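Good morning, and thank you for coming.

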Amino acid sequence: MRGRILIVDDQKGVRRLLEELFKKEGWDVQSAGDGREAIQKVEELMPGLDLILMDLKMPNINGLEATRIIMERNFHVPIIMMTAYGEIEVVKQALEAGARKCISKPFDIMVLRDMVNKLMLEVAS
Ligand SMILES: [Mg+2]
């Protein structure tokens, strides 16, 4: 097992795609459909969670708020935020909220895979 990853996106199709990719890459994959569910999962799984892929735009609690809450509760887990259009202001907000990296949608899943691998090396060192 490479580690455990939590995939958070309100779009089922995106979750499926990412679940498949990371399972193939050897990760134990968990998923959540919005920010509220993501926070619940983090509380259940920590400290056994290594990475979160978080969508920004979601109902209930969005990715930005969920990231802030997770950071406030001192869960030390790296978060990659998936933003739409890569707007500079949104990226800035995501990083300020505590996300380690941002990737703008739509993205090449191979680019995301490489970003994840690089981040895991950074975290481990
Ligand atoms: Mg969304």
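This is a predicted model: local features need pLDDT of at least 70, side-chain atom pairs count only at pLDDT 80 or more; totals for chains, interfaces and linings use all residues.

Leaving aside its neighbours within four places in sequence, which residues is Met-81 in contact with? They are Met-54, Leu-56, Gly-63, Thr-67, Ala-94, Ala-99 and Cys-102.

Met-54 stands opposite Met-81 in β4. The strands concerned are β3, residues 51–55, and β4, residues 79–84; they run parallel and are joined by 4 bridges. Further along this pairing, Asp-55 has Met-82 of β4 opposite it. Cys-102 belongs to β5 and stands opposite Met-81 there. Here 5 bridges join β4 to β5, residues 101–105, and these two strands are again parallel.

Is Thr-67 buried or exposed? Thr-67 counts as buried, because there are 27 C-beta neighbours inside 10 Å, and the cut-off for a buried residue is 20 or more. Its contacts beyond four places in sequence are Met-54, Ile-79, Met-81, Ala-97, Gly-98 and Ala-99. Helix α3 spans residues 63–72, and together with β3 and β4 this helix makes a right-handed β-α-β unit.

Now to β3 itself. On its other pairing, 4 bridges join β1 to β3, and the two run parallel; Ile-7 stands opposite Leu-53 in β3. How many of the residues of β3 are buried? The count is 5 of the 5, so β3 is largely enclosed by the rest of the structure. In a regular strand, side chains alternate between the two faces of the sheet. In β3 both faces are covered: Leu-51, Leu-53 and Asp-55 are buried on one side, and Ile-52 and Met-54 are buried on the other.

Several of these residues return in the largest nonpolar core, which has 28 residues. Those with the most contacts inside this core are Leu-6, Val-8, Ala-38, Ile-52, Leu-53, Met-54 and Met-81. Two or more residues come from each of β1, α1, α2, β3, α3, β4 and α4. As a general remark, nonpolar side chains tend to be buried together in soluble globular proteins.

Ala-38 brings us to helix α2, whose buried residues are Gly-35, Ala-38, Ile-39 and Val-42. Why are they on the same side of α2? They cover an arc of only 100 degrees around the axis, which puts them on the same side. The buried residues of α2 pack against β1, β2, β3 and α3. On the other side of α2, Gln-40 and Glu-44 are exposed.

I close with helix α5, residues 109–124. This helix has 16 residues and reaches 22 Å from its first C-alpha to its last, close to the 22 Å expected at 1.5 Å a residue. How many of its 16 residues are buried? The count is 1, and α5 is hardly covered. By contrast, β3 is largely enclosed by the rest of the structure. Thank you for your attention.

Technical notes:
Residues are numbered from 1 along each chain as its sequence is written. Two strands pair if DSSP finds at least two bridges between them. A crossover is right-handed if, with the strands pointing away from the viewer, the path from the first strand over the helix to the second runs clockwise. The expected span of a helix is 1.5 Å times one less than its number of residues. A residue is buried if 20 or more other C-beta atoms lie within 10 Å of its own, exposed if 12 or fewer, and partly exposed in between; C-beta atoms are placed from the backbone. A nonpolar core is a set of buried Ala, Val, Leu, Ile, Met, Phe, Trp, Tyr and Cys residues joined through C-beta atoms within 7 Å. Two residues are in contact if their C-beta atoms, placed from the backbone, lie within 7 Å. The arc is that of the directions from the helix axis to the C-beta atoms.
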